Amino acid sequence: MRLIKKRVVLHFPGFEPLDGVAHRARYERSARQSSTVWGYSLEIGTPDGGSDPLSFEVTTSGAVTGATGEAAPGAAEAWPGEDPAPAAWLTKSRIYMVDHDMFVRRLRSGNTLSQIVAGFRSCAQIMLEGGMRRYFRHAWRFGLFFLFPFLLTGLAIALTALIAVAPHSLGFSLWHMLWSGPLALCFFIFAFLPFSERFHTLHLFADWEMAVALGRMHRADFNDWLEERASAVRKALDEEADEYVISSHSMGSNVAAHVIGILLEREPEIFKGKRVVFATLGSAILQCALLSSANLLRARVGLIARCPEISWLDVQCLTDSINFYKVPVVAVCGHPDARPAKMLLIRVKQMLTREHYRKIRKDQLRVHRQYVLGPDLKAPFDFTLMTSGPMPASVFAYPEQDRLPA
């Protein structure tokens with residue numbers, strides 16, 4: 001296959017309180033794990049001063065033995081002639097971190113009461129728009145993921161109220177509520193809230209608030225920011241490269257779909273002559289697109305699917321409950337006639353040692369982050385190799401072990 005010498009990567013991270021600098025630091029840690037596992041050389045540059053979004057260069061190099069010139073079907077251009085001799089390679093990738101940390105922090109900036117109220121308001125909006133019903137229809141585990149923080153908090157609120165009215169319920173004077181009320185409040189603040197942080201409850205409330213915003217497109221601050229990000233991404237696409245990878249994780253897939261959709265609305269031929277891979281990792285597009293009001297997001301999904309230059313790779317994992325496993329995102333968004341995204345089904349336990357996997361398997365958010373983290377073992381999927389390695393990213397749609405640079 002023809003190896004990549006120059007690549008541009010636009011990465012849209014998930015809903016985490018990390019800015020571009022923090023995401024770059026995570027990328028570096030993961031990349032060093034990957035280079036150790038696979039045995040290639042790695043250099044990561046410092047962030048470009050004043051770049052927006054934050055960007056940095058990654059250089060990988062090594063040697064491929066036994067190169068036959070064969071490629072996975074549709075994955076890459078064949079070399080003219082075959083050369084079985086070892087071939088050295090060097091790949092430079094310019095990576096842009098298109099994070100939405102400002103919104104994560106803004107949605108988490110209110111006091112606890114305001115965050116709880118906003119979370120339950122988002123829950124009600126999603127239910128009224130048929131989102132919950134569709135979650136359970138297409139991916140029941142995702143439906144449970146949606147309900148869990150609200151059921152947990154609702155149960156705590158009910159228990160708090162029960163403690164407060166307990167004296168009256170037992171026939172005591174209402175004056176006893178002078179001590180039962182504060183006791184109930186102490187239970188909620190000092191017992192439930194610290195316990196709920198184990199499950200990132202308030203963080204999930206904010207996540208659902210953002211899901212409503214990206215589905216309804218009713219908030220001017222989000223809409224203006226998406227337009228501004230589209231302009232910034234447009235400048236990055238002017239850079240010459242052999243390949244352009246637009247990768248996204250979790251909630252970032254909604255941001256990516258909107259941004260790329262905006263660009264295609266402005267310039268339908270924007271990707272003409274380019275090799276583009278749109279890689280959605282643990283995608284949450286349907287988290288927003290299944291809301292009845294998300295007409296614009298679903299239309300932009302259709303634009304991406306119908307763009308002939310874009311190869312869509314949807315990376316999913318069975319043990320990750322925070323994705324729509326084996327659900328054809330393009331068809332469910334109302335485009336059954338468009339080219340579907342190629343599904344890549346991965347297993348987290350294949351990427352990690354047994355001990356490491358045992359430590360994280362009960363933490364669903366940690367499992368959900370593994371798509372963009374470094375591996376312990378060689379596996380059919382590796383985020384660093386997809387975004388900085390020598391092979392075209394589309395090769396990962398056909399994850400035979402001998403296609404990876406052992």
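The following legends describe close-up views of a predicted model.

**View 1. Helix H9 spans residues 252-266.**
This helix comprises 15 residues, and the distance from its first C-alpha to its last is 21 Å, close to the 21 Å expected at 1.5 Å a residue. H9 is mostly covered, with 13 of its 15 residues buried.

**View 2. The largest nonpolar core contains 80 residues.**
The members that touch the most other members are Phe12, Tyr135, Trp208, Ile260, Phe271, Ile310 and Trp312. Helix H7 (residues 201-216) gives the most to this core, contributing 10 residues. At least three residues of the core come from each of domain 1 (6-60 + 87-102 + 243-327 + 340-397) and domain 2 (108-208). A second, separate core has 43 residues, including Tyr40, Leu281, Val367 and Leu385.

**View 3. Phenylalanine 120 and phenylalanine 150 form an edge-to-face pair.**
The whole structure holds 23 aromatic pairs. In the pair shown here, the ring centres lie 5.6 Å apart and the planes meet at 65°, so the arrangement is classed as edge-to-face. Phenylalanine 120 belongs to helix H3 (residues 112-128) and phenylalanine 150 to helix H5 (residues 140-169), so the pair ties together parts that are 30 residues apart in sequence. Phenylalanine 120 is partly exposed, at 29% relative accessible area, whereas phenylalanine 150 is buried, at 5%.

**View 4. Tyrosine 135 and tryptophan 208 form a tilted pair.**
Their ring centres are 5.7 Å apart with the planes at 45°, so the pair counts as tilted. Distant parts of the chain are linked here: tyrosine 135 lies in helix H4 (residues 131-138) and tryptophan 208 in helix H7, 73 residues apart. Tyrosine 135 is buried because its relative accessible area of 0% falls under the 20% cut-off. Tryptophan 208 likewise counts as buried, at 0% relative accessibility.

**View 5. Tyrosine 135 has contacts with residues beyond its sequence neighbours.**
With neighbours within four places in sequence set aside, the contacts of tyrosine 135 are Ile126, Trp140, Phe142, Gly143, Phe146, Trp208, Leu286, Gln287, Leu290, Leu291 and Phe324. Tyrosine 135 also belongs to one aromatic cluster, formed by Phe120, Tyr135, Phe142, Phe145, Phe146, Phe150, Phe205, Trp208 and Phe324.

**View 6. Arginine 24 lies over the face of phenylalanine 56.**
The distance from arginine 24 to the ring centre of phenylalanine 56 is 5.4 Å.

**View 7. Glutamate 209 is located in helix H7.**
The relative accessible area of glutamate 209 is 17%, under the 20% cut-off, so this residue is buried. Apart from neighbours within four places in sequence, glutamate 209 is in contact with Leu107, Ala118, Ser122 and Arg219.

**View 8. Methionine 127 is located in helix H3.**
Methionine 127 counts as partly exposed, at 40% relative accessibility. Not counting residues up to four places away in sequence, methionine 127 touches Met132, Phe146 and Leu147. The C-alpha atoms of methionine 127 and leucine 291 are 8.8 Å apart in space, although the two residues are 164 apart in sequence. Leucine 291 is also one of the residues in contact with tyrosine 135.

Notes
Residues are numbered from 1 along each chain as its sequence is written. This is a predicted model: local features need pLDDT of at least 70, side-chain atom pairs count only at pLDDT 80 or more; totals for chains, interfaces and linings use all residues. Side-chain values use heavy atoms; hydrogens and water are left out. Helices (H or I, at least four residues) and strands (E, at least two) are DSSP runs, numbered from the N terminus. The expected span of a helix is 1.5 Å times one less than its number of residues. Buried means under 20% relative accessible area, exposed over 50%, partly exposed in between (1.4 Å probe, protein chains only). A nonpolar core is a set of buried Ala, Val, Leu, Ile, Met, Phe, Trp, Tyr and Cys residues joined through side-chain atoms within 4.5 Å. Domain bounds come from an automatic or database domain assignment. Contact means heavy atoms within 4.5 Å. Rings of Phe, Tyr and Trp (its six-membered ring) pair if their centres lie within 6.5 Å; planes under 30 degrees apart count as stacked, over 60 as edge-to-face and the rest as tilted. A charge sits over a ring if NZ of Lys or CZ of Arg is within 6 Å of the ring centre and within 35 degrees of the ring normal.
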